[in-house]
Structure formats: structure tokens, C-alpha cells
Amino acid sequence: MRRHLKWLILASLIFSAGRAFSQDASSERAPDTMQARVMACAACHGQQGQGTDNDYFPRLAGKPAGYLYNQLLAFKQGRRVYPPMNYLLAYLPDPYLQRIADYFAQERPPFPSLPAPSVGADVLARGQMLVTSGDPGHAIPACASCHGAALTGMEPAIPGLLGLHSQYISSQLGAWRYGTRTAAAPDCMQQVAARLTEDDVTAVAAWLSSQPAPSSASPIQRGAIRMPLACGSEPK
Amino acid sequence: MSGVHVRAFHFISRFVCLGAALGVSASAAYAAQSSTDVIARGEYLARAGDCIACHTVPGDKLFGGRRPMVTPFGTLYTPNISSDKEYGIGKWTAEQFYTTMHNGRSRDGSLIYPAMPFGSYTKVTRADSDAIFAYLKSVPPVKQRNKPNELRFPYNNRSLLLGWRTLYFHEGEFVPDKSQSTEWNRGAYLVQGLGHCAMCHTAINALGGSSESQAFEGGLIPMQAWYAPSLTSNKEAGLGDWSTEDIEALLRSGVSHRGAVYGPMAEVVFDSLQYLSADDIRAMAVYLKTLPQRTADTSPAPVAAGAGANKSDSQTDHQYQLGSKVYDAQCAVCHGAMGRGKPPDFPPLANNQSIQMSSAVNPIRMVLIGGYAPGTALNPAPYGMPPFAQILGDEEIAAVVTFIRTAWGNHGAPVTIKDVNDLRSVPAE
């Protein structure tokens, strides 16, 4: 009997040790959150999509979900080309891309303090004019006429323009001018960018990156302003 | 992806409704029903063969072709295999389609480049080939001309393929092994045939051929800079001590308690394996578990555990210390201080074969470019590994990869700064 008892205790000890081990192994699960799921994005865009010191990795936080989704889809399908992004998104289902877009659209981290642009006052003045009033003589609409007076974008798919490094803005405008970045037809940004000179691009990028954080970082409501151009990405 | 299924479903339901509405004779209705069955089976088999991965440009029209296949011999552009009569296979017969699958010859008799895995598809039965053909004929036509290949001389001369075929092509349908179970034979048929696993998991030589004696022992995938691990029972690098359940989970969901798929295998799971039935996946796992180990790990020779012969111990220590520091700062939050991970979402690194293989290509690239496991029906919102190329230098990456290859009882060989630097310039893919 004693002998049996000894075996029984030993067996139950082994059994419970095994259970403890398997519980330990299975209970250590990754957090079931979007924040944990987008850690791959955070390395370049910041934990909340606030952006980083890198000049070419944009802020994502607070941009309309429709805009972010369009970009994720374009990277996945190779219509927007940047191999590290194309690779990361290639095998993610579209509904999941929507969840990722929704996550960053809802985040409201503080705006970064960006390096002061190294351009003259005249360049900044030209930038301010193009952003706020446009250049009717060259049929260039003001950025604010679509991206909102506060430049925080418009739902569902026009991005905010603040909190971005000037190099990022100028490289994107350049990509539109040369046709390496495109959007759904009619591609209004392509039309606008084609009318800008290189100096215009520098001026717009410099002035935008020099602006303080907006009082409200949220994009304006869908259809809140009447746009001067038809845009395929922004349904009327 | 699901759009493919939705379209096929609509097609089928319309077909059936039409039959009912017209009150066609019972036998005609039966024929229509059975032809929709064949089409549905063909769609499933086309998934198993992963036709879509090569014959569809991502985001473009289904089976329209024109996807570039970069090979060491130049770039091939896949043909249109939609039902279009002018540019696709709309005018083909089932016989001609079978000849292509089985013998690697196109409708006009010309030899096909072995980027098309006819060396594997030759094992597909005539009935399965016919079902796939019926499905492809049911797909909407894509009016898109094929793009000419851009192969360098002398590879642009198709008659050279005669020599290649003599060396590497063995025509013949799958012959079941009567001493094995039905399940094992089903798995073998899928792995060797439609699954065309050997295209990556058997080493490819300079002529673009592979040797049967090294079947499924792993190999570097040309042009992609990923290493396809051994599928044999090799304990160092193969599936030796994986459970059948873990293999099934990996193939069907993309993640498992032993590791996850990234890179080219993520594409295979995303486009193909996630759509296969639990029974078929299990059959594949059962078959894979029985692959015998023939040689040791066959990936390129290790730098020798004695560590780079000319490296002093203090250099090795320095690398390990630096690696440990980088690991604690960047990796431990997900993979744990002891490398156990939080499976299946944060894969374990301790006792993970793909990290310890002689070839360090996979762990180095994972650190450089990161990666998401594929989003699948069973794992629709996968977790992702961040890329570190932009924040860690070559020395730090060499150190941290060396650390994970040698810590916690792992016995991989150290990697060099040059190993990392060589891979840094390879585009993410």
C-alpha cells in the first residue's frame, strides 16, 4: 500500500509538473491587441504612428482611415513602390489592412518638433502662398482647398499634411510629378503636382514642415468643403 | 483572394438557377450539376497547384499572366491562362492542357521552360488535369496579350531544353505505394505533384535542375535569397521532431508552436495551402513526417562550430556580448529572455531549426526586413516582425543573429559582418 502510495504521489507530481509546464508554455500568448500586431509598422512609423526622426518615414496617426487603407492596398498590390512596404503587406488580407488603417487613423499622439527648414524667407513665403491661396495664374489650387484650412485632411481619404518631414513631402510630390506615385483616376494629385515647378515643391514642403501642431488633429468631415478638382480616391 | 471564391460561387449558382428556371430535362440538369462539380473540384486543385501565384499579377485580373519570373537566366513572363480564346487557353483542348501539365509541351508542341513546374505536375492524374482545365475555362476571359520573355543568350534557345529534360525531367503519373496508407498516398500525391514543393525544397543546381537523390533536403531559392529548409526527418534542419499537428498548423494557418512562415512560403500558404481541406493538409503532414533523412543538413557548409578558425576567443566573446545586449534591447520583449517566444504569434527562437541551419540567410534576412506571417482563414490578423535594417548596423545584426544561433542550447554557427552586408542590399521580397 505504502509502495503504491509512493508511486501515486510520484506520478501525480510528474503529472502536475507536466501540466505546469504546458500551462506556462501556452499561457504566454502575444497580447491580443492591434498595438502588438502593428509592431512591425512601429519600427519606422512610431508606436502610435507618430513618425520618427527618419526623413522619409511619414507620420500615420490621425490620417483618415480611407487614405491609409488606399495606401496599404496600393503597397500590397505594387501600385505604390517601396520594396520594404510591398514585402511586408504582400500576404495580408484586405479586411486586415482596413483594421490596420483604422488603428492608426484613431491614434492622436503629440506632433513631433521637426527641424527648422533651411530655406530663405522668400521661399517660405512662396510655400505659404501655394498652400493657403494657390497660384491661380498657373492653375494651381491651394493645398488647403482639399486638405482643409487647418491642413488636417478630410474624411474619408484626403490626408493631413502636418507633422511630416519636408523631405518626405517633396519626395512624394516629386513621385507624383514623375508618375511613380499614382492614385485612383481621376488622379487629382498628379494633375496638381504636374503644374508645380521644383522650386514650388521645395517651397511647399518647407513651409508645411515648419507649421506648428494644429489645435485639433482630426480630419474635417466628409464633404465639408467643395473641392476644386475631381479626385478618384475621394468620392463626392 | 476571397473574391475568387465569391466569383466562382456566383458562376455556379447562376448556372444551377438557369437550369432550374428553364425546366431542362433531368439528364441535362445532371450534366450541368456534374460539370459544376468538376469546375469546383478544378478550382480546389488549381489552389493546390498554386496556379494563381505565377499566372496572376497581384491585384490584377485572375489568370491574366504577365507576372515576371526573375531567373538566373533572364526574366520570364507567365502566360495568360484565362479562358480568352485569343490570348488565353480558350481554344485549347483538355488533351492539349494535359500534355502541357504532363509533358511540359505547349499547344504548338514547343518546349516549356521549367519555371513551370511540369517536373512535378507530370504526376497529376488525367482526371485532375481535366478538372483544372474545366475550371480555367470557366474563369472570365482576360483580353491581354502575353509578354515576350527576356532571356539571355544562349538560354533564349528553347532547343537547349532538350538537354535539360534528358538530365532532369522524368515523365510519369504518380504511382501509389501499396505498402502505405491511403492518407500517406494522398499526401505524397499532393506534395510531389500539384504542391510542387520540390521546386524550392530540393536544391537547384547551376543548370536550374535538381537531383532526386537530394529530394526535399532543402536549398537556397535562386534570386530570392531565402533558404528553403529541409523537409526530411533531419533533426538539425528538417521536420525531424515536429508533431504532425504542428506541421498541419504551419501549412494551413501560417503559424505554429514551432515557427511561422515568411517570405516565399508565406505566399504559398496565402495563395494555396490555406484553401486546402483539413484532411488534405493532414495527409501532406503524414507523408512529410515519413521522408527519410539521407544526409546531414545540406545547406552550405557552416563556418565550423570552432568559430572561424582565425577568430580569437575574445572576438567571439565580444560578438556574443554585443549580440546579447542587442537581443535584450530589441528582441526579448516578444521572443522572451530565454528565446521561448509567445507561440504561435511570436515564434520561439530556442530549438528553432530555421535559425540554426548551416545557412544563416533566413535569420539574417528576417532581422533586416522583418515580415508578417500570411493572413489566413485560421489566422486572419497575423503579427509581424519589425524590420531592423534602418536601426541596426551590420555589426549589431551579425552579433544578434550569432547570439540567437548559439544561445539557449542552439547550435548554429556564428555569422560574419560580411554575411549581413551581402544581404542588406538584396531587395525585400
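**Exercise 1.** Work out what kinds of elements make up chain A of this predicted model.

*Solution.* Start at the N terminus and walk along: the elements of chain A run α-α-α-α-α-α-α-α-α-α-α. Tally them up and you get eleven helices and zero strands. Next, look at the packing. Chain A has 236 residues, and 39% of them count as buried. Finally, check the contacts between residues at least 6 apart in the sequence of chain A: 70% join residues at least 24 apart.

**Exercise 2.** Describe the side of chain B that touches chain A.

*Solution.* First, the head count: 23 residues of chain A are in contact with 28 residues of chain B. The top contributor is H11(B), with three residues. Last, sort the chain B side by class: 18 residues are nonpolar, six are polar and four are charged.

**Exercise 3.** Decide whether B:Val361 is buried or exposed, and find its neighbours.

*Solution.* Now count around it. B:Val361 has 22 other C-beta atoms within 10 Å, and the cut-off for buried is 20 or more, so B:Val361 is buried. Who does it touch? Leaving out residues up to four places away in sequence, B:Val361 touches B:Leu220, B:Ala225, B:Trp226, B:Tyr227 and B:Leu423.

Key: Residues are numbered from 1 along each chain as its sequence is written. Chains are lettered from A and ligands numbered from 1 in the order in which they are written. This is a predicted model: local features need pLDDT of at least 70, side-chain atom pairs count only at pLDDT 80 or more; totals for chains, interfaces and linings use all residues. Two residues are in contact if their C-beta atoms, placed from the backbone, lie within 7 Å. Helices (H or I, at least four residues) and strands (E, at least two) are DSSP runs, numbered from the N terminus. Ala, Val, Leu, Ile, Met, Phe, Trp, Tyr, Cys and Pro count as nonpolar, Asp, Glu, Lys and Arg as charged, and the others, Gly among them, as polar. A residue is buried if 20 or more other C-beta atoms lie within 10 Å of its own, exposed if 12 or fewer, and partly exposed in between; C-beta atoms are placed from the backbone.
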